[in-house]
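Let's take a walk through it together, one stop at a time.

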Amino acid sequence: MMLNYDAPLYRPPSEARSLIFQVTLGCSFNECSFCDMYRSKQYSEKPWDEVKMEIDLMAKQLPDTRKIFLADGDALNLDSEYIVKIVKYLYEKFPNLERISCYAMPMNILKKTPEELKKMHDAGLDMLYLGIESGSDIVLKKVTKGAIAKTIIKSVNKAKDAGYIMSCMIILGLGGKTYSKEHIRGTAEVISACSPNYVGALTLYLENGIKQEFLEKFGEPFIRITDDESLEELYDLISQIETKEEIIFRANHGSNAYTIKGTFPQDKQAMLDKINWMKQHPEIMRPEGLRGF
Ligand code: SF4
């Protein structure tokens with residue numbers, strides 16, 4: 001018997017082979033105008049007896065599990081002591097476990113003390129996935145992200161200081177044509193100021209259910225950027241990121257027209273050269289019908 005998940009269930013692409021436990025349902029914020037992942041769910045936290053029962057069940061079925069992802073949208077919103085209890089129990093029941101991760105919002109991290117963050121990390125919560133989306137305060141406000149550049153930088157650095165591996169997402173095209181330059185400039189500044197271990201660049205993709213809300217909240221006509229402009233944003237973003245720390249950069253998500261990957265700082269020029277080459281070869285673009293989340 002497998003777990004009876006409460007749909008829809010989301011996880012980062014890199015957790016495709018991880019065992020997932022839904023320790024929370026939905027997202028405690030649920031207001032970002034570009035995201036409809038959890039609109040059908042009311043945020044709730046699963047009680048210990050249910051979590052324990054599911055862990056016990058899967059420990060019998062998949063005892064060799066090496067990676068676990070805690071869902072849904074921001075499991076880090078749980079009380080720190082509760083997370084420690086869950087994480088410790090997971091390591092107890094899965095002897096080969098190597099990594100536990102979950103989604104987190106900047107506010108989840110900022111609400112915890114450095115000691116709480118350290119305690120959860122020491123217990124075995126290793127990695128957090130955080131949506132930066134944009135580093136421009138104007139764009140962040142227009143998409144009702146509930147965070148500003150300063151709080152994003154602070155949260156990523158705070159988590160890194162506590163030992164977490166940080167994997168962050170940004171969204172190309174989020175400011176539309178009007179705020180394209182501002183969006184990229186701010187995003188490069190945020191990434192440079194906190195150097196997440198991983199950065200993934202996605203492209204804005206509005207599901208039908210959320211499109212109207214996004215356009216209304218944007219507060220002025222939203223002009224989508226073209227594929228060429230998206231490639232330009234990618235070029236500008238990479239060229240403006242300044243870091244001495246290693247950042248594994250990926251723009252290979254299914255929503256993107258073009259695929260780029262490399263590691264900062266050493267691959268920066270190679271990535272820029274590849275984009276220049278791509279500009280001359282539009283035939284390698286992922287067809288629009290094959291893109292999505
Ligand atoms: S982007 Fe993240 S924080 Fe925002 S509504 Fe979606 S799941 Fe919640």
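Predicted model: local features only at pLDDT ≥ 70, side-chain atom pairs only at ≥ 80, totals over all residues.

Let's begin with the ligand. Where does the ligand sit? Look in the largest pocket, and you'll find it there. Around the ligand you can pick out Cys 27, Asn 30, Glu 31, Cys 32, Phe 34, Cys 35, Met 37, Tyr 38 and Met 105. Sorted by class, that shell has seven nonpolar residues, one polar and one charged.

Asn 30 belongs to the loop between β2 (24–25) and β3 (44–45), and its phi is positive, about 60°, even though it is not a glycine. As a rule, most residues other than glycine have a negative phi. Glu 133 also has a positive phi, near 65°, and isn't a glycine either. To find Glu 133, go to strand β6, which covers residues 125–133.

Now check the bond from Ala 7 to Pro 8, which is cis, with omega near 0°. Pro 8 is in the segment before β1 (19–22). The bond from Ala 71 to Asp 72 is cis as well, with omega near 5°. Asp 72 sits in the loop between β4 (67–71) and α2 (80–93).

Last stop: the helix pair. How do α7 and α9 pass each other? The crossing is right-handed, and the axes of α7 (residues 180–194) and α9 (residues 227–240) come within 9 Å, crossing at roughly 35°. On the α7 side, the contact is made by Ser 180, Lys 181, His 183, Ile 184, Arg 185, Thr 187, Ala 188, Ile 191 and Ser 192. These meet Glu 233, Asp 236, Leu 237 and Gln 240 from α9. By class, this contact has four nonpolar, five polar and four charged residues.

Terms used. Residues numbered from 1 in each chain as written. Heavy atoms only, no water. Axes fitted to C-alpha atoms, helices over the stretch in contact; angles between N-to-C directions. Helix = DSSP H or I, 4+ residues; strand = E, 2+ residues; numbered from the N terminus. Left-handed = near helix turned anticlockwise from the far one by under 90°. Contact = heavy atoms within 4.5 Å. Nonpolar A, V, L, I, M, F, W, Y, C, P; charged D, E, K, R; others polar. Near = heavy atom within 4 Å. 1 Å grid on protein atoms, 1.4 Å probe; cavity = no way out; pocket = protein on both sides within 12 Å on 5 of 7 lines; lining within 4 Å. Sits in = over half its atoms within 2 Å of the grid points.
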